[in-house]
Amino acid sequence: MYLDWAILEQIQRIFGSGFMDWLMPKITVLGNAGMVWIVIGVLLLVSKKHRRIGFLVLLGLLLGLIIGNGIVKNVVARPRPCWIYTDFRLLIPMPKDYSFPSGHTQASVIAATILTLYRRKWGWILIPLALVIAFSRLYLYVHFPTDILGGACIGLAIGMVTYFAGNRIIDTIMIKRRNRGEAL
């Protein structure tokens with residue numbers, strides 16, 4: 001726990017500025033409710049060429065919501081740094097749910113993992129976006145570094161399982177439909 005607090009203090013000491021105070025709330029909004037990733041998933045879903053991957057992104061985000069936000073957060077029930085150290089001036093509304101794991105990070109890593117496995121070159125944009133969203137949660141004092149790490153690990157696991165198992169299940173269903181002569 002000491003290391004978590006020390007890292008949060010160093011982030012403020014190194015990066016704290018008026019510009020970052022302006023920028024980080026805007027970046028963190030992209031991850032609110034996984035919105036940027038949901039939009040990307042829906043846009044891919046409407047494209048026939050990318051429909052499968054859009055479905056897998058949305059499925060991964062749903063699994064993350066159930067596992068990370070619905071189960072793990074409530075079992076661990078870790079208070080947020082801003083709940084413990086209440087003198088910190090929050091730049092965003094006070095979060096009401098628990099701290100571990102970071103849902104913003106988890107959703108970002110789920111989507112970035114699935115999309116990067118699908119198109120490696122997309123990772124050059126999506127992985128940095130996921131990292132910046134995760135960093136914004138530290139800068140804004142609403143997560144501990146271990147919350148970010150936990151969200152990233154859970155997100156990576158969900159993203160990989162969703163991508164590989166999801167593709168296998170979809171392929172199996174399509175082969176069965178093709179063998180029965182059904183339209184795809």
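Q: What share of the 184 residues of the protein counts as buried?

A: A residue is buried at under 20% relative accessible area, with a 1.4 Å probe and protein chains only. By that criterion, 42% of the 184 residues count as buried. The model is predicted: local features need pLDDT of at least 70, side-chain atom pairs count only at pLDDT 80 or more, and totals for chains, interfaces and linings use all residues. Residues are numbered from 1 along each chain as its sequence is written, and side-chain values use heavy atoms, with hydrogens and water left out.

Q: How many helices and strands make up the secondary structure of the protein?

A: Helices (H or I, at least four residues) and strands (E, at least two) are DSSP runs, numbered from the N terminus. Here the protein has eight helices and zero strands.

Q: How do the axes of helix α3 and helix α4 cross?

A: Axes are lines fitted to C-alpha atoms, for helices over the stretch in contact, with angles from 0 to 180 degrees between N-to-C directions. The axes of α3 (residues 35-46) and α4 (residues 51-76) come within 6 Å and cross at roughly 150 degrees. Angles over 145 degrees count as roughly antiparallel, and 65 to 115 as roughly perpendicular. The pair α3 and α4 is therefore roughly antiparallel. Contact means heavy atoms within 4.5 Å; among the residues making it are W37 and I38 of α3 and F55 and L58 of α4.

Q: How are α1 and α7 oriented to each other?

A: Helix α1 (residues 2-15) and helix α7 (residues 123-139) have axes that come within 9 Å and cross at roughly 100 degrees. The two are therefore roughly perpendicular. Their contact is made by L8, I11, Q12 and F15 of α1 with F135, L138 and Y139 of α7.

Methods
Angles under 35 degrees count as roughly parallel, over 145 as roughly antiparallel, 65 to 115 as roughly perpendicular and the rest as oblique. Buried means under 20% relative accessible area, exposed over 50%, partly exposed in between (1.4 Å probe, protein chains only).
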